[in-house]
Amino acid sequence: MLHSEAEERHLSWSHRHHERRPSERYADDLLEATMTHAKSTLPLETEGYKQKCHKDYVPRTRDRDERCKVGFVRPLEWKDGDSEFRARDNFNYSCYINPRVSEIILPKLRKAMHMQEMK
């Protein structure tokens, strides 16, 4: 909120932001949910992704609307020097897999879901 807005509403305003402790902490992976990926993309922003995400695409301008906004996951086994593009369609890899999530957390989640289904 701007200082002028606070004055109009007769609210106090400070140059510094104050948070109560603890404002940040480590999450307990076993007892708490953890969001690993979130991105909001409007349907309109994905128009033309087949062109904009292709390796041969050259943007007409430096405008953000000219960039690919669709994520293509880089394989876990990918290493420096490997192709930056998917072989089957030449789309640019733009997302990374978190090995801890795929190798540790996801199997635990699948097991817990299976156990829940068995009840």
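Asp82 is partly exposed in this predicted model, at 31% relative accessibility; the class lies between buried (under 20% relative accessible area) and exposed (over 50%), with a 1.4 Å probe and protein chains only. Local features need pLDDT of at least 70 and side-chain atom pairs count only at pLDDT 80 or more, while totals for chains, interfaces and linings use all residues. Residues are numbered from 1 along each chain as its sequence is written, and side-chain values use heavy atoms, with hydrogens and water left out.

Asp82 forms a salt bridge with Lys79, with 3.8 Å between the closest N and O atoms. A salt bridge is a side-chain nitrogen of Lys or Arg within 4 Å of a carboxyl oxygen of Asp or Glu. Lys79 is exposed, at 52% relative accessibility. The count by this rule is five salt bridges. Among them is the pair Arg86 and Asp89, whose closest N and O atoms are 2.3 Å apart; Arg86 is buried, at 15% relative accessibility.

Glu66 lies in the loop between helix 2 (49-52) and strand 1 (73-74), where helices (H or I, at least four residues) and strands (E, at least two) are DSSP runs numbered from the N terminus. Glu66 is buried, with a relative accessible area of 9%. A salt bridge joins Glu66 to Arg60, the closest N and O atoms being 2.9 Å apart. Arg60 is exposed, with a relative accessible area of 72%. Not counting residues up to four places away in sequence, Glu66 touches Lys52, Tyr57, Pro59, Arg60 and Thr61, contact meaning heavy atoms within 4.5 Å.
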